[in-house]
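Hi,

Here is the structure I promised to pass on.

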Amino acid sequence: MTDALHTYRFGLGVKSALVCAALLQIVAGVLLMSQAYMAGGTVMQQFSGVVLGLIPVAIALFVVPVLWRCELRVYEDRLEYQGVLLDIAIPREDIVAAAAPRRGMGMFDVSLELINGPFRRLRLAIMDKNEERLANWLNKAHA
């Protein structure tokens with residue numbers, strides 16, 4: 001197995017912000033649960049308050065690991081994408097057309113048109129600097 005030519009993934013700043021946001025959500029959830037318990041009331045009111053407090057905790061514990069693993073690896077013969085809802089390997093020969101990477105706030109996205117695979121059109125969002133390496137690789141794919 002060959003090594004990836006380049007890997008695009010979240011940077012240290014984004015990962016730090018994710019962890020901080022998750023910690024804040026967990027603290028907010030625990031505070032909601034403790035307030036529901038301390039407020040008294042019926043058992044049903046306390047239970048519903050605890051369940052509502054679990055929502056931000058569950059979101060934090062799900063979203064951070066999922067976003068932490070997102071990446072796009074560029075190999076000589078394929079792209080491998082691990083996203084929030086999608087893990088896919090895209091062979092270079094399956095790419096019919098590709099829109100040049102478009103920049104956004106700290107991220108870029110690439111639109112691909114494929115001949116084989118589960119999707120005909122695929123849009124990949126990558127949280128990294130837009131470099132010419134990916135654009136050059138895509139130009140070679142259908143040149």
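The chain exposes about 9100 Å², and carbon and sulfur atoms supply 66% of that area (accessible areas are Shrake-Rupley values with a 1.4 Å probe, and for residues only the protein chains shown count as cover). Bear in mind that this is a predicted model, where local features need pLDDT of at least 70, side-chain atom pairs count only at pLDDT 80 or more, and totals for chains, interfaces and linings use all residues. Residues are numbered from 1 along each chain as its sequence is written, and side-chain values use heavy atoms, with hydrogens and water left out.

On overall shape, the radius of gyration is 21 Å, while a compact globule of 143 residues would be near 15 Å (taken over C-alpha atoms, with the globule rule being 2.2 Å times the number of residues to the power 0.38). The C-alpha trace spans about 70 × 30 × 30 Å along its principal axes. Of the 143 residues, 34% are buried (buried is under 20% relative accessible area, exposed is over 50%, partly exposed is in between, with a 1.4 Å probe and protein chains only). As for contacts (heavy atoms within 4.5 Å), 50% of those between residues at least 6 apart in sequence join residues at least 24 apart.

The chain has 3 helices and 7 strands, running β-α-α-β-β-β-β-β-β-α from the N terminus (DSSP runs numbered from the N terminus: helices are H or I with at least four residues, strands are E with at least two). Helix α1 covers residues 12–38, and its 27 residues reach 39 Å from first C-alpha to last, close to the 39 Å expected at 1.5 Å a residue (the expected span is 1.5 Å times one less than the number of residues). Lys 15, Leu 18, Ala 22, Gly 29, Met 33 and Ala 36 are its buried residues, and their cover includes β1 (6–9) and α2 (43–68). Just past α1, Gly 40 has a positive phi of about 80°.

There is also a nonpolar surface patch made of Leu 52, Ile 55, Ile 59, Phe 62 and Val 63, with about 450 Å² of accessible area together. For patches, residues need over 30% relative accessible area and no salt bridge; like charges are joined within 9 Å, and nonpolar side chains (Val, Leu, Ile, Met, Phe, Trp, Tyr) within 5 Å. Phe 62 sits in helix α2 and is exposed, at 52% relative accessible area.

Now the charged pairs. The whole structure has 7 salt bridges (a side-chain nitrogen of Lys or Arg within 4 Å of a carboxyl oxygen of Asp or Glu). One of them joins Arg 69 and Asp 87, with the closest N and O atoms 2.6 Å apart. That pair links distant parts of the chain, 18 residues apart: Arg 69 is in the loop between α2 and β2 (71–74), and Asp 87 is in strand β4 (residues 87–91). Arg 69 is partly exposed at 33%, and Asp 87 is partly exposed at 49%.

Asp 77 and Arg 78 form another, at 3.0 Å from N to O. Here Asp 77 is partly exposed at 41%, whereas Arg 78 is buried at 15%.

Finally, Glu 113 bridges to Arg 120 at 3.4 Å, N to O, and Arg 120 is exposed at 53%. Val 96 lies in strand β5 (residues 95–103) and is partly exposed at 39%.

Cheers
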